[in-house]
Amino acid sequence: MKITPIIGIEVHVELKTKSKMFCGCSADHFHVEANIHTCPVCLGLPGALPVPNKVACQWCVKLGLSLGCSINEESFFERKNYFYPDLAKGYQITQLQKPFAINGRLNIDGHNIRINRAHMEEDTGKSVHVDGSTLLDFNRSGVPLVEIVSEPDLISAEEAKKYLNKLQQIIRYIGISDADIEKGSMRCEPTVNVCIDDQFYTPLAEIKNVASLTGVMNAINYEIKRQVDEYQSNKITKNSTNKTTRGWDADKNQTFLQREKEGSADYRYFPEPDIPPITFTKEQIEEIRQTIPKLPDEKIAEYKLLGLSDYDASQLADTKEFAEIFEKIISLDQSPEFAKFSANLLIGPLKIIEIDINKINPDHFKELFDKKSELSSTAIKQLILDSYQSGQDPLVLAKEQNLFQVSDTGALEAFAKEVIEANPKAVEDYRKNPLAIGFLVGQLMKISKGSANPQTGKEILEKLLK
Amino acid sequence: MTDLNKLTLKEAREGLKTKKFTPVDLVQSCLDRIKLLDVKLNSFVTVISEEALKQAKTVDINLPLGGIPLAVKDNYLTKDILTTASSKLLDNYIAQYDATTIKKLKNAGAIIIGKTNLDAWAHGSSTETSDYGPTLNPWNLNHLPGGSSGGSAAAIAADETIISVGSETAGSIRQPAAWCGVVGFKPTYGRVSRYGIIAMKSSTDSPGPICKTVDDAATLLEIMSGHDPRDATSINEDTWKKPEIRQNLNGLKIGLPLSYFSPQTQPEVKEAILKAVDILKKLGAQILELPDVLDPKYSIAVYTILQRSEVSSNLARFDGIRYGHDRSYFGTEAKRRIMLGTYSLSAGYYDAYYLKAQKVRTLICQDFDKQFQKVDAIIGPVSPTTALKVGASEGQAMFGELQDMLVEPSSIAGLPGISIPCAFDKTGLPIGLQIMAPQKREDLVYQIAKLFEDNTDYHLQRPNL
Amino acid sequence: MSDNLITDAVFQHTARLSRLEIKSEESYIKDQLSQAAEYVEVLKELNTDNVLPTYQVNHKSNVLREDNIESSFSQELALSQAEKTENNYFKTTATINKNK
């Protein structure tokens with residue numbers, strides 16, 4: 001039986017604007033007291049009217065452009081009508097017919113995932129179910145959300161995870177949201193079905209309440225298997241009315257059917273009469289495009305041109321801040337060697353600890369690079385860490401800690417001669433197999449108490465043993 | 001100092017500034033009148049005596065409306081005052097903020113003496129569908145005052161207040177003004193902020209004044225108007241200013257749409273309008289009959305669909321969680337409108353109903369554009385009949401829409417219009433003349449209405465109460 | 001929409017979508033809906049093939065606010081009109097209907 005998963009994902013991203021989408025209340029709702037950032041508009045009081053947040057709209061366009069979307073010259077808001085206690089007005093202001101951005105794509109390992117749209121809408125309040133009642137906090141009501149809808153082009157849970165990682169990275173790069181899945185500023189809802197033997201399609205299932213990237217992967221994988229099993233037993237295929245909504249139970253590691261109303265939801269969309277349409281001229285779109293920094297893919301390509309590997313380049317481009325500090329460092333020396341040297345230090349010792357980008361001093365890297373023939377690689381790694389933590393000059397620290405290696409050939413020759421004399425058997429081994437030089441170099445390091453530069457020492461030994 | 005309540009705004013301001021009487025005298029006079037009449041009339045849902053008198057003691061009479069008693073239709077939010085939309089669902093709702101327009105009126109020194117009755121949620125043209133009982137027509141207590149701003153119109157006609165404000169979605173200012181023989185001025189859509197007025201049909205709701213004279217209404221409009229950053233549909237202009245008064249109507253072309261005289265038109269209404277036409281002619285206007293104005297019947301359909309669709313959505317916020325009672329408190333009329341609106345928007349009907357209606361709306365706007373190429377203003381009857389009897393609206397699914405058919409077209413197109421008294425029928429019930437102009441041309445409406453009023457005395461008549 | 005009859009099923013579905021309970025004595029609303037629906041048939045008489053809809057009668061566009069924080073209601077004022085509150089939350093015991 002051939003199984004082809006078909007996955008699309010809907011992502012909601014909370015923008016980190018100062019104020020809400022349609023009113024001037026603070027958009028901060030994380031860990032604040034309930035119902036302290038509300039007003040007639042976001043509380044849905046009688047007579048209140050919405051006025052859209054300019055920055056939010058611009059950021060939606062910015063995201064659309066970053067995803068290769070076209071921007072509609074004229075777009076407008078619509079009302080999506082449904083009842084829920086945390087939906088203050090009994091409708092959500094969103095976009096349907098004319099969203100801000102359409103027809104983009106995200107490239108995942110050579111596979112183009114099409115993006116149907118990126119549009120603007122408002123968040124609901126928060127509800128907490130306690131003892132048969134629902135408690136409601138409207139601090140989050142009206143916070144700006146961008147909804148990004150992909151076509152069902154994803155073919156596996158792994159690819160879905162990569163898609164989400166990349167999307168998250170871009171969103172953070174352009175600075176419009178923290179896109180933190182655990183905190184809820186990025187919410188992912190995959191819709192899954194399966195094609196069996198290239199002809200039968202299982203019914204669609206939309207999965208909600210997935211609170212982590214691993215959860216998304218697990219939920220998709222679970223759902224694929226569940227659908228295949230179900231199809232094998234009931235042979236029901238997809239039609240226009242059997243799409244279901246399922247929740248993800250992270251504890252039990254399974255999806256479950258959520259209570260559905262009979263008949264499909266009818267949102268009765270119509271254009272929002274309280275908000276006039278919004279237009280973007282070509283000039284305005286270009287202006288917004290100019291504010292987009294170089295995105296990860298572009299940076300990775302640039303770093304590879306410097307001679308860095310795929311892995312190194314991706315690591316460096318991981319966040320905008322990290323990339324920026326790398327670029328600042330290599331601005332001191334354009335050589336590929338320095339690039340590689342700095343990359344290793346950033347990705348190695350410095351990335352392991354949680355660093356404060358602002359504390360990194362590019363000069364330290366250059367200094368160590370210039371003296372690298374006199375320092376062991378272990379010493380260099382230690383010094384970059386020490387100088388980061390203390391702020392002190394690494395060369396000063398090196399001197400204090402006696403880390404400078406002897407490259408002085410005279411002194412090294414003396415050590416080398418001692419080693420050759422003391423280890424005749426090793427010398428014989430070397431004559432048979434040049435790779436055995438390692439032991440002698442080791443002895444040289446021992447005799448010099450680690451201060452010998454191993455590369456130079458090796459060369460001297462080889463010269464003497466010729 | 002009796003009968004201060006019978007003064008116009010102009011007269012009251014004059015009297016206050018020349019210290020003939022105080023704001024307290026004025027407010028007290030209105031409150032006394034309300035006490036005397038309102039048990040019968042039922043113009044008011046809430047009367048505010050204590051607070052009003054308190055304000056009257058300290059108000060600055062140099063403000064444009066300093067010390068003037070104001071009656072507010074109960075769909076305007078007035079902070080700390082019960083605001084019900086004449087519905088039981090909000091019978092305990094103390095408004096948490098002031099509508100922008102109310103702020104402006106208060107800043108101008110007006111003193112709110114009460115919230116007036118309306119058809120619940122402003123759904124209606126009779127004020128009979130208020131959850132607090134109908135308001136009666138001061139000219140004949142067996143008849144209706146019209147609606148939905150019936151309470152405000154009746155309060156003005158009965159001199160229970162000096163000035164009042166109402167709102168119009170399609171006729172709700174002009175029609176009760178016509179049935180009560182007072183002046184109702186509906187501004188251009190977007191001229192006055194809607195922020196803080198309980199939404200009915202968002203795309204045509206227009207708050208406006210209902211007063212005793214054209215000048216009073218215009219003064220109020222000056223204060224109420226102006227761009228509001230809180231209302232994205234409010235027009236980008238500063239406050240409207242009254243233009244110079246015309247000495248005559250020379251050079252003005254006024255259109256009379258023949259289709260506005262339907263078979264349902266009461267003969268006396270037609271007669272009254274034709275007499276008004278003569279007066280306007282004498283004043284120098286050139287009257288042109290407009291034979292090809294789009295039939296108002298299309299406006300009825302457009303209005304019905306659009307209004308009920310928007311209403312069904314605008315009333316969705318009333319779930320009893322954050323304020324008011326739950327949805328079981330909606331009256332039958334509200335339920336009916338919500339149901340039809342939900343139906344019109346439902347999957348499968350959107351294209352045929354809602355979208356079609358919005359397209360016909362374009363045709364209605366284009367038709368007016370065409371007519372205004374030929375004429376400067378358009379006049380006609382406000383209502384096909386004079387005030388109907390109490391009970392007339394019961395069981396009539398399309399009562400409001402049919403009654404308002406002559407004002408729906410201009411509302412749908414967002415035009416300004418006024419209703420001024422122009423005659424009485426043989427039973428003594430008032431007849432209203434409406435004057436409409438292109439968008440933002442309240443100046444023309446004012447000038448024509450003012451000149452007509454100055455040359456007639458219908459506005460000086462008062463009911464025998 | 002040539003069929004104007006609003007069936008019981010459609011009527012009930014509409015009531016559910018509207019979150020309204022139509023009492024038995026109000027069931028005449030169904031006939032009135034049909035009646036009103038007939039009225040709108042008249043729109044078919046007009047040709048709107050090349051006509052764009054008018055959503056905004058005063059042709060405004062681009063009405064936006066700057067991203068500035070303005071003052072909000074106090075917590076007290078926000079909660080002041082609610083029938084039920086608990087620990088500064090609004091409270092409802094309404095059945096949770098998930099039709100999102």
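Author: What follows starts at one contact and then moves to the parts on either side.

The model is predicted: local features need pLDDT of at least 70, side-chain atom pairs count only at pLDDT 80 or more, and totals for chains, interfaces and linings use all residues. Residues are numbered from 1 along each chain as its sequence is written, while chains are lettered from A and ligands numbered from 1 in the order in which they are written.

Start where chain C meets chain A. The contact draws 34 residues from chain C and 42 residues from chain A. Residues are in contact if their C-beta atoms, placed from the backbone, lie within 7 Å. On the chain C side, α1 (8-17), α3 (75-79) and β2 (89-92) each give two or more residues. Helices (H or I, at least four residues) and strands (E, at least two) are DSSP runs, numbered from the N terminus. β2(C) provides the largest share of this side, four residues. By class, the side of chain C that touches chain A holds twelve nonpolar, twelve polar and ten charged residues. Nonpolar covers Ala, Val, Leu, Ile, Met, Phe, Trp, Tyr, Cys and Pro; charged covers Asp, Glu, Lys and Arg; the others, Gly among them, are polar.

β2(C) also pairs with a strand of chain A. Three bridges join β2(C) to β9 (133-137) of chain A, and the two run antiparallel. Pairing needs at least two bridges found by DSSP. Leu136(A) stands opposite Phe90(C).

Chain C has another partner. In that contact, 38 residues of chain C meet 50 residues of chain B. On the chain B side, α9 (296-314), α10 (332-345) and α11 (351-374) each supply at least two residues. α11(B) gives the largest share, twelve residues. This side of chain B divides into 27 nonpolar, 15 polar and eight charged residues.

Now go into chain B. Eleven strands form an open, mixed sheet in the order β1-β3-β2-β4-β6-β5-β10-β11-β9-β7-β8. Its edge strands are β1 (44-47) and β8 (286-290), each pairing on one side only. From one strand to the next, the twist averages 30°. Within chain B, β2 (69-73) and β3 (111-116) pair in the parallel sense over five bridges. Lys73(B) has Thr116(B) as its bridge partner in β3(B). Helix α8 (267-282) of chain B lies across β7 (253-257), β8, β9 (377-381), β10 (417-424) and β11 (430-436), at about 50° to β11(B). Axes are lines fitted to C-alpha atoms, for helices over the stretch in contact, and angles run from 0 to 180 degrees between N-to-C directions.

Back to chain A, for two helix pairs. α2 (157-173) and α3 (213-234) of chain A pack at about 150°, with axes 9 Å apart. α2(A) and α3(A) are therefore roughly antiparallel (over 145 degrees; under 35 is roughly parallel, 65 to 115 roughly perpendicular, the rest oblique). The contact of α2(A) with α3(A) includes Leu164(A) from α2(A) and Ile220(A) from α3(A). Its residues divide into seven nonpolar, two polar and two charged.

The other pair is α14 (437-447) and α15 (454-464) of chain A, whose axes come within 10 Å and cross at roughly 120°. That makes α14(A) oblique to α15(A). Ile437(A), Leu440(A), Val441(A), Leu444(A) and Met445(A) in α14(A) meet residues of α15(A) including Pro454(A) and Leu461(A).

Conventions:
Two residues are in contact if their C-beta atoms, placed from the backbone, lie within 7 Å.
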